[in-house]
Amino acid sequence: MALSLESLQKIRNRIDPILLFYGTAGMGKTTLALDAPNPVYLQISPERPPMGIETTSFGEITSWAQVCEALTALYEQEHEFKTVIIDSLDALEPILWKDVCIQNQWANIEAPGYGKGYMIADGHWRQLIDMCDYLRRDRGMTVIWLALALAKDHEEPGAQSYKRYDLKLHKRAEGFVTQAADGVFFINTKVVVKEADGGFGKKSVHAEGGGARWLFTDARPAFVAKNRFNMPESIMLPKGKGWTEISKHITNSQKEV
């Protein structure tokens, strides 16, 4: 049937989101994710759940086949889970590479040269994204990906160098997952760099900031971030109530008419 103006209709995206949380070690990413509604935890070796917190898990996952089996079970079998957590993408990447190497009989992911191994691995990343997409679309599950942040010195011409935080993933994988996610959230503390007179005409530089964690939702030169929920650029995460603060914005955006 040919399209015409009569075919136009108002639509709204109401499916459950894919959320990516990343930050340096010790920022409480896993604890935050486990506060999401009725979660199931995919523990990718060598990751461990936080001490003292009870989780529902498939156990330690050590192969790409087990990742696929776990996600397939969540799709095909009856359950009441509302959230699936993959902890973490950077732990998953070498497992994914190993499977690619076995399939292609390579010694390692760089064996074919010219970055071909990483390009072939794109297929596995697409498969992961597709499986997670099926879970949120057909099973109504929120998908949470966790990842470490890697800090590197970044220099801009004519400007002072600064720390740039990226996901601890190959740049191709980072591109795939950040594009697929509805929210890419950087977790860190707020730090203010101040100069002080060090005497003899010299300046000393020191950092000031509290211990409170913040969720950054919009991209800045120092980190990648995005959101499709019209969230404020940063949200304070009170201890034990971080998910409550996040869900206010995600839930409201899904309910808006």
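Helices (H or I, at least four residues) and strands (E, at least two) are DSSP runs, numbered from the N terminus, and the views below are close-ups of a predicted model.

**View 1. Tyr114 in the loop between α3 and α4.** Although Tyr114 is not a glycine, the phi angle of this residue is positive, at about 55 degrees. With a relative accessible area of 86%, Tyr114 is exposed, because exposed means over 50%.

**View 2. Asn38 in the loop between α1 (29–33) and β2.** Here too a residue other than glycine has a positive phi, which for Asn38 is near 40 degrees. The relative accessible area of Asn38 is 38%, so this residue is partly exposed.

**View 3. The cis peptide bond between Ser45 and Pro46.** Omega is about 10 degrees for this bond, and Pro46 belongs to the loop that lies between β2 (39–44) and β3 (57–61).

**View 4. The cis peptide bond between Asp87 and Ser88.** For this bond omega is about 5 degrees, and Ser88 is located in the loop between β4 (83–87) and α3 (89–104).

**View 5. His124 in helix α4 (residues 116–138).** His124 counts as buried because its relative accessibility is 7%, and buried means under 20%. Leaving aside residues up to four places away in sequence, His124 touches Trp64, Leu96, Asp99, Val100 and Gln103.

**View 6. The buried cysteines Cys68 and Cys101.** Cys68 has a relative accessibility of 13% and therefore counts as buried, while Cys101, at 8%, likewise counts as buried. The structure contains zero disulfides.

Notes
Residues are numbered from 1 along each chain as its sequence is written. This is a predicted model: local features need pLDDT of at least 70, side-chain atom pairs count only at pLDDT 80 or more; totals for chains, interfaces and linings use all residues. Side-chain values use heavy atoms; hydrogens and water are left out. A disulfide is a pair of cysteine sulfur atoms within 2.5 Å. Buried means under 20% relative accessible area, exposed over 50%, partly exposed in between (1.4 Å probe, protein chains only). Contact means heavy atoms within 4.5 Å.
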